[in-house]
Amino acid sequence: MDLTSFITSFTTSFVIFIVLVLLFTWLSRKPANSVVYYPNPISRGLDPFENRKRSMNPVGWIREAFVASEADVIAASGVDAAVYLVFLSTVLGILVFSGVLLLPALLPVAGTDDALKLANQNSKTAGNYSELEKLAMGNVQAKSTRLWAFMLGVYWVSIVTYYILWRSYKHVSNLRATAKSSPEPKPEDFAILVRDVPSRPSDQSLKDRVDSYFRRLHPDTFYRSMVVTNLKKVNKIYNNIEGYKKKLAHAEAVFAESKTTGNPEGARPTMRTGLLGLVGSKVDTINHCNEKIKELILKLEAEQKITLQDKQERAALVFFNNRAAAASAAQTILAQMVDTWMVSEAPEPRAVIWPNLSMRLYMRQIRQAIVYTLVFLTVVFYMIPIAFISAFTTLDNLEKLAPFLKKVVEQPEIKTVLEAYLPQIVLIVFLALLPAFLMFLSKSEGIPSESHAVRAAAGKYFYFIVFNVFLGVTISGTLWSSLKRIINHPGDLITLLATSLPGNATFFLTFVALKFFVGYGLELSRLVPLIIFHLKKKFLCKTEEEIKEAWAPGDLGFATRVPSDMLIVTIVLCYSVIAPLIIPFGAIYFGLGWLVAKNQVLRVYVPSYESNGRMWPHMHTRILAALIIYQITMVGFMIIKKFVYAPFLFLLIPISFVYAAITKNRFYKSFAATPLEVAARELKEVPNMEAIYAAYIPPCLKTEKLEDVELFEDAQSHATSRTTSF
């Protein structure tokens with residue numbers, strides 16, 4: 001990509017961002033749009049415009065984001081949102097402090113050398129180079145003493161990363177400890193998850209076995225247990241009832257709306273009972289829904305009794321009457337046979353994946369092996385389509401692959417737009433398809449909570465982007481464009497890598513700019529959710545519940561957001577010394593990302609669960625992994641440049657591994673389990689244990705007849721069916 005195309009891409013992206021910010025400023029001030037731009041405070045029962053002037057200042061949201069404290073973020077969206085902002089500010093700090101030294105030191109060193117010019121003169125097939133490439137390490141000649149500056153730059157980036165990551169880990173650890181020691185009682189702090197419960201004697205129910213076991217081990221602190229049941233059938237009936245209730249409310253609203261002065265009796269809505277309401281007999285919707293609800297409620301009550309008594313699984317949630325006892329029990333090896341009575345901290349009630357709780361240890365291990373194999377195959381074979389996509393990085397490759405497009409792409413206006421946007425947009429769309437698949441695989445492992453599944457999916461995605469996006473686009477783009485040269489002159493491969501790899505920084509530089517300007521602009525403006533909401537409200541929504549569902553924003557989406565950010569971390573770190581010009585773009589990405597994300601967690605997103613910052617060790621480890629990849633890359637690049645002092649960079653790699661081990665030993669255990677001194681801090685009131693127990697009763701088992709905790713527990717205690725034995 002030449003300088004003109006880059007400037008065109010950057011300027012266009014910037015203009016789009018400004019337009020989207022102005023749209024956000026205008027649209028967010030309209031009361032009719034408040035549920036789209038302020039759903040978080042509205043869901044908490046607050047007035048979104050209280051103590052806030054409806055000004056048309058396009059930077060007013062920036063001022064409010066800066067003024068809001070970390071406590072405000074936690075109050076609005078929880079500790080997880082605050083930790084995500086710490087992650088963004090951590091990477092921003094690394095890039096800012098690195099760039100303060102690298103930009104003024106390395107850009108002149110690279111820009112005043114002439115390796116690319118000499119290579120272009122000596123080889124007819126070397127091709128032209130852009131002004132941007134002259135500011136990269138590829139413009140420094142082999143064996144040059146100038147390479148000392150770049151090697152010292154690698155040390156500087158590494159030291160800055162070590163220091164800032166340590167401070168951030170310590171800060172997040174304090175945030176988590178404060179949340180876990182909160183004076184407000186939380187259900188998950190008083191419960192543990194017990195899996196792989198041994199088969200019961202024939203004369204004892206599974207619940208009685210769990211109760212007697214824990215009463216013997218914890219006679220003073222054990223409260224009661226809740227045996228996990230197979231909810232598949234009862235949950236299906238419950239969801240059908242909820243669906244008919246929504247249809248009934250919608251039909252009643254339509255009927256009430258049809259009553260006018262000209263037609264006071266109104267027109268009763270009708271529906272068809274067949275597939276998707278398109279076929280089958282025509283019936284009165286209100287009567288039909290009422291009949292189905294009455295019929296299904298009877299089935300639900302019968303199935304609830306069967307589920308509680310006959311469908312008990314070999315897993316349970318065990319409750320204690322104080323936090324310290326629960327924290328201690330979750331960290332204890334209970335049985336001599338360690339593959340039975342396996343315990344861990346209970347997930348938050350909203351985050352429980354009920355079908356996975358009862359999965360046996362051997363099944364979890366088998367599934368995990370299968371999932372890892374599938375992930376490995378995905379990582380390896382995704383390289384093929386990624387390599388194909390990278391062929392579009394330059395129009396020369398596009399013309400070679402599709403000669404019939406030559407006349408079209410040679411048009412100056414079309415050529416500029418295609419070079420600026422085509423490869424980046426195609427890659428972004430292609431990558432957007434993967435996270436959902438990885439989330440499905442992670443849940444298939446038998447992971448017990450949504451937050452854990454998100455972390456697992458994000459980890460898989462990180463390794464994918466390292467091998468396929470960073471390595472795939474970089475190496476495939478270089479090799480594809482010069483395949484003929486490599487075949488004819490194999491010895492030129494090393495020279496090719498040394499002179500051409502830095503040039504790929506222009507692709508990633510445009511990729512980063514497109515993501516932060518257009519991506520953050522669209523997120524801030526919320527144009528797509530706004531349009532969808534108003535269309536649903538006008539044509540589909542008839543009840544308040546339907547309107548609420550139409551504007552419900554969901555959570556921050558860590559499963560896709562964090563891996564996407566990790567891709568930028570990897571790219572910017574790996575190119576920070578090879579092409580220092582990428583550092584300001586990375587800093588803008590994370591600085592602007594911090595502002596937009598803070599605005600969104602305060603005003604928009606509503607958390608679906610709370611893990612109290614459990615994602616941070618994952619973030620920390622992946623940043624370190626990106627740093628190690630960067631260090632290995634620089635070692636290889638220095639060797640290609642024939643720099644005799646390149647072995648000095650080898651020292652950084654073991655230092656990074658030692659640093660990772662030290663931080664893990666120092667901080668990680670307090671994230672994996674709650675420290676007793678944290679759990680033992682006093683509560684402001686005696687916890688309501690019945691409410692804590694009831695918080696874990698699945699919605700499909702909550703009915704008027706089983707709302708009383710004693711009745712629910714009694715129903716579980718009278719199991720009559722045989723529990724499967726392995």
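Reply: Helices (H or I, at least four residues) and strands (E, at least two) are DSSP runs, numbered from the N terminus. This is a predicted model, in which local features need pLDDT of at least 70 and side-chain atom pairs count only at pLDDT 80 or more, while totals for chains, interfaces and linings use all residues. Residues are numbered from 1 along each chain as its sequence is written, and side-chain values use heavy atoms, with hydrogens and water left out.

Me: Is Ser-144 buried or exposed?
Reply: Ser-144 lies in the loop between helix H7 (131-134) and helix H8 (147-180). Buried means under 20% relative accessible area, exposed over 50%, and partly exposed in between, with a 1.4 Å probe and protein chains only. Because its relative accessibility is 14%, Ser-144 counts as buried.

Me: Which residues does Ser-144 touch, not counting residues up to four places away in sequence?
Reply: Contact means heavy atoms within 4.5 Å. With residues up to four places away in sequence not counted, Ser-144 touches Asp-113 and Phe-643.

Me: How are helix H10 and helix H11 directed relative to each other?
Reply: The axes of H10 (residues 232-258) and H11 (residues 285-310) come within 9 Å and cross at roughly 160 degrees. Axes are lines fitted to C-alpha atoms, for helices over the stretch in contact, and angles run from 0 to 180 degrees between N-to-C directions. Angles under 35 degrees count as roughly parallel, over 145 as roughly antiparallel, 65 to 115 as roughly perpendicular and the rest as oblique. The crossing angle therefore makes H10, relative to H11, roughly antiparallel.

Me: What is the order of the strands in the open sheet of 4 strands?
Reply: Two strands pair if DSSP finds at least two bridges between them. The edge strands, each pairing on one side only, are S2 (222-229) and S6 (342-345). From one strand to the next the twist averages 25 degrees. The pairing is antiparallel, and the order is S2-S5-S1-S6.

Me: Which residue in S5 is the bridge partner of Met-226?
Reply: S2 and S5 (residues 312-320) run antiparallel and are joined by 6 bridges. In this pairing, Val-227 stands opposite Ala-316 of S5. For Met-226, the bridge partner in S5 is Leu-317.

Me: Is Trp-341 buried or exposed?
Reply: Trp-341 has a positive phi of about 50 degrees although it is not a glycine. Most residues other than glycine have a negative phi. The residue sits in the loop between helix H12 (323-330) and S6. As its relative accessibility is 5%, Trp-341 counts as buried.

Me: Is Lys-642 buried or exposed?
Reply: Lys-642, also not a glycine, has a positive phi of about 60 degrees. Its place is in the loop between helix H28 (616-640) and helix H29 (652-672). With 52% relative accessibility, Lys-642 counts as exposed.

Me: How far apart in space are Ile-571 and Ala-626, C-alpha to C-alpha?
Reply: Ile-571 belongs to helix H26 (residues 558-575) and, at 0% relative accessibility, counts as buried. Not counting residues up to four places away in sequence, Ile-571 touches Phe-508, Phe-511 and Ile-582. Ile-571 and Ala-626 are 55 residues apart in sequence, and their C-alpha to C-alpha separation in space is 8.4 Å.
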